Amino acid sequence: MRTKIKALLSKPEIGHNVTVKGWVRSFRNDRFIAINDGSTIKNIQAVIDFEQSDEQLLKRITIGASVAVNGELIASMGKGQSVEIKAESVTILGDADPEEVKLTILSPKKHSLEKLREEAHLRPRTNTFGAIFRIRHAMIFAVHRFFNERGFLNIHTPIITGSDAEGAGEMFRVTTLDPAAPPKNDAGEVDFKQDFFAKETNLTVSGQLEGELAALALSDIYTFGPTFRAENSNTSRHLAEFWMIEPEMAFYELADNMDLAEEFLKYLAGYALEHCADDLEFLKQRGIDEDSKKPQAERNEMDLMERLRFVIENDFQRVSYTEAIEILRNSKPNKKKKFKYLIEEWGADLQSEHERFLVEKHFKRPVILFDYPKNIKAFYMRQNEDGKTVGAMDVLFPGIGEIIGGSQREERHDKLLERIKEMDIHEEDLWWYLTTRKFGTVPHSGFGLGFERLMLFVTGMGNIRDVIPFPRTPGSAEF
Ligand code: 4AD
Ligand code: MG
């Protein structure tokens, strides 16, 4: 019976005979094997009696090889571990040729994150990525637990759809037509009636619109699915394929929506602190090491755990867009033309540099901006009395900028239709969405949390490509 290393170390039963299976991380002095099986960041050390061991076998204990070790669990004399295995048998399950391993990221030296990305097929074997993917799992689990505890139903919304939920047109097409010779109609245009779905379809950019249909029957729902955006943003915060959590709540107004968003983020930070201590400790140290190479001004004032605690312990600052614009317009970086995009007038869209200024320099805490100009937001947001703004809210986080985007939805049929027309959106594509505003419409709200943005915050990593196992970005879809 194999025991996972995490279980072995959390409740060590000295004197018991145990079997572990995993991958060799190091082999010192023909005697000490460090084995990792991914269940924890910690290795277990197996000590072999090399005088009694077959020389052929010793040669095959190399970095990256997989092994099964059986022996007695004993208290360790060495430093760095409290227990170790006194190996009675070592079996090589899979060899790893040292000459070939040497050329990969498995070789024991410091590799850049860029290099690790190129070898995303092997990076789960590293401490950093093992930690990240364990935390990623914990956060997925925490998301479901949070909503389950509050009576929200998880809804699967379609991945292939005919609608553009955000109205931004940044969609990946889904078609089975031959790109070289698509069928044409009489007008000479591509005839999508002959396509698989007999219409134009794309990968979803958001499950929100279908989520709203569910909320308008089931009250509180959430989605947690993949979303796809063909925006050509080559930044450390954008992916072409990312995961989004979208709760949608009937009878919620904007302030209720903000309350839920804040509670949700605090819960997730707390869950990580409670359940991912070893991995966070490792990443915290990693962050401190990285910071020490940077100029003072770019270093984090708080370490990873302090940042997580800070979010839990402080109320998020709620500020209207209009107030924020005034703050930004009068800010030092704006006056000294340090912003790449200067804030000149009301109505300007905020860039991540502005969001981060508000959070990191001005308020020094997470910020919820609300009541944005309607012209920079999606068609479905509830129109305010002023005729200029909509009930939108974005949650802004240190180091990241926008982590959540949401709004109260326009529940008034005529107002919604008017906006759809104003924005030149195909009304006939949204007939089903409009119908819910005719049959027992109610105020409702929701938001979307970008799961990888959350992961950036919880792990302290700087690039979104490093918090998802296989990132998809412009020009890159390897693996
Ligand atoms: O602000 P967005 O575009 O809002 C929506 O999609 C709404 N339908 C959500 C809702 O109200 N139900 O996206 C929501 C969040 C952003 O705040 C950001 O965290 C993340 O999704 N996001 C991305 N994450 C990674 N890569 C991208 N290209 C992202 N675009 C948005
Ligand atoms: Mg947004």
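**Helix packing and a cavity**

Modeller: The crossing of α5 and α7 is right-handed. Keep in mind that this is a predicted model.

Biologist: Which residues of α5 and α7 make the contact?

Modeller: On the α5 side they are Ala138, Met139, Phe141, Ala142, Val143, Arg145, Phe146, Phe147 and Glu149. On the α7 side they are Leu260, Glu263, Phe264, Tyr267, Leu268, Tyr271 and Ala272.

Biologist: And how many of those are nonpolar, polar or charged?

Modeller: The contact of α5 with α7 has 13 nonpolar and 3 charged residues, and no polar ones.

Biologist: At what angle do the axes of α5 and α7 cross, then?

Modeller: At roughly 135°, and the axes come within 10 Å. Helix α5 covers residues 127-149 and helix α7 covers residues 254-275. That angle makes α5 oblique to α7, because only angles over 145 degrees count as roughly antiparallel.

Biologist: Moving on. How do the axes of α8 and α9 cross?

Modeller: Helix α8, residues 277-292, and α9 have axes that cross at roughly 120° and come within 8 Å. From α8, the contact uses Ala277, Leu280, Glu281, Leu283 and Lys284. From α9, it uses Leu304, Met305 and Leu308. By class there are 6 nonpolar and 2 charged residues in this contact, with no polar ones.

Biologist: What about α9 and α15, where do their axes stand?

Modeller: Helix α9 (residues 304-313) and helix α15 (residues 451-459) have axes that come within 8 Å and cross at roughly 120°. The two helices are therefore oblique to each other.

Biologist: Which residues make that contact?

Modeller: Leu304, Arg307, Leu308 and Val311 of α9 meet Phe457, Val458 and Thr459 of α15. That contact has 5 nonpolar, 1 polar and 1 charged residues.

Biologist: New topic. How many cavities of 30 Å³ or more does a search of the whole structure find?

Modeller: The search finds 1. The volume of the largest cavity is about 40 Å³.

Biologist: What lines the largest cavity?

Modeller: Glu231, Ser233, His238, Leu239, Ala240, Thr473 and Pro474 line it.

Biologist: And by class?

Modeller: The lining has 3 nonpolar, 3 polar and 1 charged residues.

Technical notes:
Residues numbered from 1 in each chain as written. Chains lettered and ligands numbered in written order. Predicted model: local features only at pLDDT ≥ 70, side-chain atom pairs only at ≥ 80, totals over all residues. Heavy atoms only, no water. Axes fitted to C-alpha atoms, helices over the stretch in contact; angles between N-to-C directions. Helix = DSSP H or I, 4+ residues; strand = E, 2+ residues; numbered from the N terminus. Parallel < 35°, antiparallel > 145°, perpendicular 65-115°, else oblique. Left-handed = near helix turned anticlockwise from the far one by under 90°. Contact = heavy atoms within 4.5 Å. Nonpolar A, V, L, I, M, F, W, Y, C, P; charged D, E, K, R; others polar. 1 Å grid on protein atoms, 1.4 Å probe; cavity = no way out; pocket = protein on both sides within 12 Å on 5 of 7 lines; lining within 4 Å. Points joined across faces, edges and corners; volume = space filled by probe spheres on them.
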